[in-house]
Amino acid sequence: MSFIQFNFCPEIDTAGDHHRLREHLANIGVDDKVDIVVENADAHQTDSLMNTLHTYGFDYQPHGGQGQAYHILAWRRPH
């Protein structure tokens with residue numbers, strides 16, 4: 001089991017960050033956990049990240065962090 005973190009701070013680069021996320025999601029297994037971190041101020045921009053997770057077969061739970069971080073915790077849906 002691995003814990004993989006993507007840090008999209010200080011701001012979300014729509015094209016670059018989404019490409020990097022999609023590139024890595026294909027290699028993430030059922031037992032792995034993913035943590036996507038963005039700044040609280042950018043939480044309104046995470047819909048497209050969550051759509052990408054859904055498209056690649058992941059369930060996720062948004063989680064407001066303490067301080068300046070906002071997390072999306074994700075795991076692959078078992079087939």
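Biologist: Is Asp59 buried, partly exposed or exposed?
Modeller: Keep in mind that this is a predicted model. Asp59 has a relative accessible area of 30%. Buried would need under 20% and exposed over 50%, so Asp59 comes out as partly exposed.

Biologist: Which residue does Asp59 meet in a salt bridge?
Modeller: A search of the whole structure turns up one salt bridge. Its N to O distance is 3.4 Å, and the side chain facing Asp59 there is that of Arg77.

Biologist: How many residues apart in sequence are the parts that this pair ties together?
Modeller: Asp59 sits in strand S3 (residues 58–64), while Arg77 lies in the segment after strand S4 (69–76). Arg77 is partly exposed, at 26% relative accessibility. The pair therefore links parts whose separation in sequence is 18 residues.

Biologist: What kind of aromatic pair do Phe6 and Phe8 make: stacked, edge-to-face or tilted?
Modeller: There's one aromatic pair in the structure. The ring centres of Phe6 and Phe8 are 6.2 Å apart, with the planes at 35 degrees. Stacked needs under 30 degrees and edge-to-face over 60, so this pair is tilted.

Biologist: Within what arc do the buried residues of H2 fall?
Modeller: Helix H2 covers residues 47–55, and its buried residues are Leu49, Met50, Thr52 and Leu53. Seen down the axis, they line one face of the helix. Asp47 and Thr55, on the other side of H2, are exposed. The buried ones fall within an arc of 155 degrees.

Biologist: Which residue just after H2 takes a positive phi?
Modeller: Look just past the end of H2. The phi there is about 85 degrees, and the residue is Gly57.

Notes. Residues numbered from 1 in each chain as written. Predicted model: local features only at pLDDT ≥ 70, side-chain atom pairs only at ≥ 80, totals over all residues. Heavy atoms only, no water. Phe/Tyr/Trp six-rings, centres within 6.5 Å; stacked < 30°, edge-to-face > 60°. Buried < 20%, exposed > 50% of the residue type's maximum accessible area, 1.4 Å probe, protein only. Helix = DSSP H or I, 4+ residues; strand = E, 2+ residues; numbered from the N terminus. Arc of directions from axis to C-beta. Salt bridge = Lys/Arg side-chain N within 4 Å of Asp/Glu carboxyl O.
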